[in-house]
Amino acid sequence: MTPQQDRHDPRTAPWLDRAAQTATRRLGEYGAFFRTAVRNPRMVGAATPTSAAVAATVAQVVPTTGSPVVVELGPGTGSLSNGIHERLPHGARHIGIELGEGMVEHLREHKPWLEVVHADAGDLLALLDKLGIAQVDAVISSIPWSLMPGDAQDHVLHQAAAALSPQGAFTALTYLPADRTPGGRRFRNRLEHVFDEVLTHTTWRNLPPILHYICRRPLR
């Protein structure tokens, strides 16, 4: 069978269609990601969008019952958003707070189920108040913590902690080497001053590997 004939074979056409759709989606994500990275490299904490393995790990803190509210800080192209969305039950709210204008446009076009807010993560509590949300069940962060000055880290962390329900979870991602930098060590220290429990997990199936912080029980 020739490649041309194979393309029209009903046994292979669905697979080819799915592969083409996936490739098109990933190319769109990479395009939006790199446009923002070139314009403002300090806004993007990763060299590439994160993998499905990272998204699956992140989504483990997402409730699967009730009507939970999940907030993503800096969702970027939404490489984590699909894993979160697939786990959320009907009636949940999934909100993405994104500063990059190009990323916002990409998310609104490709993730119509995501409530995208074009704003700074440092305004989290005020933004939630405008949305009529008193508490959230999970805050999932992809913002570049190790590149942020200490006062900015403190400000966003305390806002995230204040927004969480008593059973809620906060997660943050960084490249594994970044936790050895001064900014990375400073961030870990701040997490331990804001949360009673700080756990870590490494996803090796990403290049480079991703270090996850999973934090619970804010110290108020």
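## Contacts across the chain

Take the contacts in the protein chain between residues at least 6 apart in sequence: 65% of them join residues at least 24 apart. Contact here means heavy atoms within 4.5 Å. This is a predicted model, where local features need pLDDT of at least 70, side-chain atom pairs count only at pLDDT 80 or more, and totals for chains, interfaces and linings use all residues. Residues are numbered from 1 along each chain as its sequence is written, and side-chain values use heavy atoms, with hydrogens and water left out.

## The overall picture

The protein chain has eight helices and seven strands. Both are DSSP runs numbered from the N terminus, with helices being H or I over at least four residues and strands being E over at least two.

Of the 220 residues in the chain, 47% are buried. Buried means under 20% relative accessible area, exposed means over 50%, and partly exposed is in between, using a 1.4 Å probe and protein chains only.

## A cavity inside

There's one cavity of 30 Å³ or more in the structure, and the largest cavity has a volume of about 30 Å³. A cavity is a set of points, on a 1 Å grid over the protein atoms alone, where a 1.4 Å probe fits but cannot get out; lining residues have an atom within 4 Å of a point. Grid points are joined across faces, edges and corners, and the volume is the space filled by probe spheres set on the points.

Which residues line the largest cavity? They are Trp 145, Ser 146, Thr 174, Gly 184, Phe 187 and Tyr 213. By type, the lining has three nonpolar residues, three polar and no charged.

## Two lining residues up close

Let's start with Thr 174, which sits in strand 5 (residues 164-175). Thr 174 has 13% relative accessibility, so it counts as buried. Setting aside residues up to four places away in sequence, Thr 174 touches Ser 146, Pro 209, Ile 210, Leu 211 and Tyr 213.

Tyr 213, in turn, belongs to strand 7. Is Tyr 213 buried or exposed? With a relative accessibility of 2%, Tyr 213 counts as buried. Beyond its neighbours within four places in sequence, Tyr 213 is in contact with a list of residues including Phe 170, Thr 174, Gly 184, Phe 187, Leu 191 and Val 198. The C-alpha atoms of Tyr 213 and Val 198 are 6.5 Å apart, while the two residues are 15 residues apart along the chain.

## Salt bridges

Side chains of opposite charge can pair when their charged atoms come close. This structure holds six salt bridges, each one a side-chain nitrogen of Lys or Arg within 4 Å of a carboxyl oxygen of Asp or Glu. One of them joins Glu 115 and Arg 93, at 2.8 Å from N to O. That pair links distant parts of the chain, with Glu 115 in strand 3 (residues 115-118) and Arg 93 in strand 2 (residues 93-98), 22 residues apart. Glu 115 is partly exposed at 28% relative accessibility, and Arg 93 is partly exposed at 26%.

Arg 217 also pairs with Asp 196, with their closest N and O atoms 2.8 Å apart. Here Arg 217 is in strand 7 (residues 210-218) and Asp 196 in strand 6 (residues 195-203), 21 residues apart. Asp 196 has a relative accessible area of 46%, so it is partly exposed. Arg 217 forms a salt bridge with Glu 197 too, at 4.0 Å from N to O. Since Glu 197 lies in strand 6 and Arg 217 in strand 7, this pair ties together parts 20 residues apart in sequence. Salt bridges that share partners join Asp 196, Glu 197, Arg 216 and Arg 217 into one network.

Most residues other than glycine have a negative phi, and most peptide bonds are trans. Arg 217 has a positive phi of about 60 degrees, though it is not a glycine. Arg 217 is partly exposed, with a relative accessible area of 40%.

The peptide bond from Leu 207 to Pro 208 is cis, with omega near -5 degrees. Pro 208 is in the loop between strand 6 and strand 7.

Key. On a 1 Å grid over the protein atoms alone, a cavity is a set of points where a 1.4 Å probe fits but cannot get out, and a pocket is an open set with protein on both sides within 12 Å along at least five of seven lines; lining residues have an atom within 4 Å of a point. Ala, Val, Leu, Ile, Met, Phe, Trp, Tyr, Cys and Pro count as nonpolar, Asp, Glu, Lys and Arg as charged, and the others, Gly among them, as polar.
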